[in-house]
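Please walk me through the main features of this structure, from single residues to the chain as a whole.

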Amino acid sequence: HDSTGAGGRPRRRSLTALANEAEVAQRQSDGVVSGIGRTLSLSSATRPPRHSLGGRDAARVPAGADSRATADRLNSEYNASHNVTHTSSGARSSDPFANGQAEQRSALWPTDVDMRISAKRLQTHMLDPVEVQGTLTNKNRNTDSQHFLSRWMADISPTSGASEIRKIRRKGVPMLHPDSTVALVCELAAAPVICFDVLVSPFVVAWDLTIAGPLLIFSWLFTAFWLFDCLMKFNKAVYFDGELITGRAFIAMRYLRGGFVWDFGLVLFDIASNSLASASLESRPLRVLRVVKMARMSKVYMVAAEQTRMWNMNGAMLVIQFAGLLIAFFFMAHISACIWWLLGTYGPADTGRRWVEQVLTEEIDLVGDRNVFNEYATSLHWTIAQMTLGAMDVNARNSLERIWTIFILIIGMVVGTSVMSLMSAAIVRRSIESQATAKKMLDMRQFLRQERIPAELSSQVQRQLAERLNQTANVDEDSVPGLLSLSKSLRMQLRNAIRLPIVAKHELFRMWNTVDGKVVLNLCEKAVSFAFMQVQDDVFLAGEVAQSMFFLAQGTLSYLQNPYNSMVDQEEITVVSTRTWVSEAALWCKWIHVGDMEAVTEAKIFAVHASEMWKLVFATSPIQSITITYATNFHQRVTVAIPPHEDWPSDLSVPNTESLLSTEVELALLKAAKDNGKLKLSPHQEALLVGELDSGKCCLQVSEDEGLKRTVMLVTLRLVNGQGEMGEMEDRILVHVGKVSDGKVEAGCKLPGTKRTRGESPGKALQRLLAQDLPMFTEEEERCELISIERQVERTESSKYGIDTLYVKSVQHARTEVGKMSEVFPLTVNVGEGEEVGEDESGNPEAKEVPEDLRHIFPRPLYAVPEKDSKLNVYAWLTDEELEFLKITENTALLKEWLKAIQKKGGLVNTV
């Protein structure tokens with residue numbers, strides 16, 4: 001793209017920009033995407049003015065059913081004033097870069113953001129609430145589909161993405177999965193057992209040793225191990241043509257026709273030879289037969305080959321091959337040394353001479369007795385010398401020994417050439433890779449010189465290219481041709497194993513699984529992809545049409561917003577950590593990215609593509625109503641997300657989207673969880689929870705562990721008094737310190753607040769709070785100004801219901817400059833130092849007897865606001881430190897007793 005952005009900076013294009021443009025063109029032809037010519041930046045002249053507390057200017061569109069009509073009217077006025085016309089496809093025809101000026105965002109944004117799918121089409125797919133409940137609670141639906149995702153989530157490792165590794169449960173003894181940890185441990189445990197047989201058996205035969213003591217004990221233990229291994233193979237699932245077979249009859253017949261006879265025969269031979277050794281009846285010919293157990297050496301090779309194939313790593317492959325050659329070389333040398341001693345001791349000698357005569361003669365002359373260790377070391381030395389073409393003072397003395405010497409020389413030549421070829425191949429491969437890297441760098445330098453790129457930019461390009469060429473590239477699905485050789489069903493299982501753990505982290509998709517688990521599998525197959533990002537790769541850029549929702553599975557991203565294309569006053573950078581959903585608005589709205597997102601570290605990102613997802617929604621009737629309700633509610637949250645009551649929507653978050661399901665769906669979830677035994681509530685608790693759901697005071701969703709999660713949304717007011725009434729220089733906040741109801745006094749220090757109902761925005765909830773509890777600060781009075789919003793989230797288990805509960809609090813920061821609060825509040829209680837309750841100069845009650853521990857806070861006036869039914873709310877202006885002090889249990893009790901004393905003396909009486 002040749003155009004430049006604000007400040008003369010070149011407009012960057014993300015790696016997926018061209019693909020997005022092609023998909024936009026296709027969606028426009030289908031009539032699904034329109035209005036993509038939205039403005040991209042907001043100048044100071046078009047930014048809405050600051051709101052007064054509870055106020056609303058002309059650009060604000062009210063929430064509710066008529067919000068779209070209001071937005072359409074305002075859009076028409078905007079289009080007429082800006083000379084914007086509509087084409088037949090619905091896209092705006094004005095040039096966003098006309099006259100070389102940066103495109104300006106509409107003053108109506110985000111109220112002019114349209115839904116991705118037309119309202120008419122959505123309406124045709126809506127279900128009646130009764131049908132929705134029936135869909136969720138129908139006990140006759142396919143239970144295998146219903147719990148398919150939960151089984152996958154229990155069996156799949158989300159980090160490795162491997163196929164299911166678990167015990168396959170059947171009636172009776174559990175079936176063992178061939179890739180399970182138990183099976184792997186058994187296979188690896190066989191290696192040291194086989195090594196023991198390979199080391200001990202030849203040595204015992206060559207030196208004619210007796211099996212007794214520790215050797216006999218280990219021999220019995222290893223015999224028991226091989227018997228267990230033989231029986232375990234009847235209960236171990238097998239792979240046949242790439243498919244996992246768990247049928248016991250098939251597994252048994254396959255093993256009986258395969259290696260059972262050989263394995264069980266060796267076990268019987270072990271039992272017989274150990275029994276004879278225990279009875280001291282094992283003769284030399286029977287002891288020679290122990291070398292038959294060395295046939296199990298093939299198991300070590302098969303286990304090593306299988307594990308090397310399963311855990312193949314490019315960097316470690318050469319090390320593994322060298323280690324394998326060294327181990328094989330040692331075992332061959334050991335066996336050859338034992339055979340060499342056996343030939344020198346018992347082999348036929350056509351010359352009448354043997355090589356061991358020299359060794360035995362030297363031992364007897366020097367030591368006076370035989371030394372077995374020296375004899376073995378001499379044999380091993382001779383073997384290694386022959387294999388490595390080295391020198392040794394021991395030579396063959398007869399024809400059989402010379403034939404064995406020739407054979408060992410040939411083996412040494414083969415081993416040596418194998419090692420040299422392996423090293424040469426590694427050197428050549430490394431040289432080819434280096435040449436390819438150097439060729440890419442050379443081509444880049446030639447290109448930069450050819451295009452006369454400035455030196456500073458050229459250096460930056462070359463440095464980044466060099467760093468990326470030296471990094472180990474991640475492999476995606478398109479780079480693995482072997483996937484095409486798999487069967488379609490196995491390929492689908494592999495794709496689902498990678499994508500399901502990610503998809504299950506989204507609330508709506510977990511809801512889909514509750515309705516029909518196969519829908520989630522189809523979503524993974526058709527609408528979810530993933531990609532690896534290197535450092536400084538762009539995920540998307542501001543101004544691009546959003547086509548997908550993203551999930552960061554690995555790595556770190558940065559999100560940049562600036563005043564040229566976002567609703568911010570200055571440049572803001574947000575670090576995006578793992579397990580974060582990004583740009584969800586792309587699924588439900590015609591959304592344009594309002595910031596740049598790039599990779600800070602190497603990252604793995606999953607994408608849910610909106611167009612493919614909606615095709616699946618319209619093709620699957622059970623999830624249509626739930627999805628459409630979710631989309632409609634999400635879109636409504638976008639259109640009303642305007643300060644000061646809410647933050648502007650962005651690619652990272654849209655305010656108040658914690659719960660977007662309908663009441664009917666949540667009631668059905670509650671009933672289904674109770675019927676399935678996942679939730680245990682008493683009739684009283686259930687009635688209270690149903691009442692909260694009906695009134696919209698809480699919401700229910702499906703949690704990641706397939707249980708229920710409760711969400712409670714709160715709004716609190718942090719009102720700061722910048723003037724003060726007693727000459728304080730420090731700002732103080734309005735705190736609710738107590739309540740009087742039916743003559744009973746309750747104490748508790750907290751900020752004024754209320755619960756938000758379902759679909760109620762924080763602004764609406766704040767207006768309701770002010771109207772009910774603090775009418776003197778409403779919009780008409782204009783005594784306060786709303787400054788900012790703070791979002792706080794706390795997760796804990798509800799003591800009331802025993803359900804995991806998420807408390808989402810929207811703290812509305814406001815400020816007042818009213819100096820004399822006694823003129824604002826209906827009732828003021830002035831705190832003095834006497835012992836009686838009298839009246840001050842204004843005729844307000846005056847309370848005495850302040851507890852000693854509270855005298856550093858009071859005397860400060862208490863202010864009371866009467867309610868209906870003789871209720872009275874008591875407030876005070878406190879600092880943050882004083883608020884935390886009064887929250888302590890002991891101090892709250894003192895405050896309660898003091899308020900009771902004031903109430904008894906007539907200081908807190910509702911006269912309304």
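**A walk through the predicted model**

R579 is exposed, with a relative accessible area of 51%; exposed means over 50%, buried under 20% and partly exposed in between, with a 1.4 Å probe and protein chains only. This is a predicted model, in which local features need pLDDT of at least 70 and side-chain atom pairs count only at pLDDT 80 or more, while totals for chains, interfaces and linings use all residues. Residues are numbered from 1 along each chain as its sequence is written, and side-chain values use heavy atoms, with hydrogens and water left out.

R579 sits in the loop between β7 (572-576) and β8 (580-582); helices (H or I, at least four residues) and strands (E, at least two) are DSSP runs, numbered from the N terminus. Although R579 is not a glycine, its phi is positive, about 60°. Most residues other than glycine have a negative phi. N656 also has a positive phi, near 65°. N656 is in the loop between α23 and α24 (663-675) and, at 10% relative accessibility, counts as buried.

N656 is one of the contacts of R637 (heavy atoms within 4.5 Å). Leaving aside neighbours within four places in sequence, R637 also touches V654, P655, T657, S659, L660 and G759. R637 lies in helix α23 (residues 621-639). R637 is buried yet has no salt bridge, a salt bridge being a side-chain nitrogen of Lys or Arg within 4 Å of a carboxyl oxygen of Asp or Glu. The nearest side chain of opposite charge, E658, is 6.7 Å away; Lys and Arg count as positive and Asp and Glu as negative, with His and the chain ends not counted.

Salt bridges do occur elsewhere, and a search of the whole structure finds 19. D263 and K233 meet in one, at 3.3 Å from N to O. This pair links distant parts of the chain, 30 residues apart, with D263 in helix α10 (residues 260-278) and K233 in the loop between α8 and β1 (238-240). D263 is buried at 12% relative accessible area, whereas K233 is partly exposed at 22%. K674 forms a salt bridge with E686, the closest N and O atoms being 2.2 Å apart. Here K674 is in helix α24 and E686 in helix α25 (residues 683-695), 12 residues apart. E477, R495, R499 and E525 are linked in a network of salt bridges.

S583 is found in the loop between β8 and α21 (585-588) and is buried, with a relative accessible area of 1%. Its contacts beyond four places in sequence include W591, H593 and D651. In helix α19 (residues 507-515), nine of the nine residues are buried, so the helix is largely enclosed by the rest of the structure.
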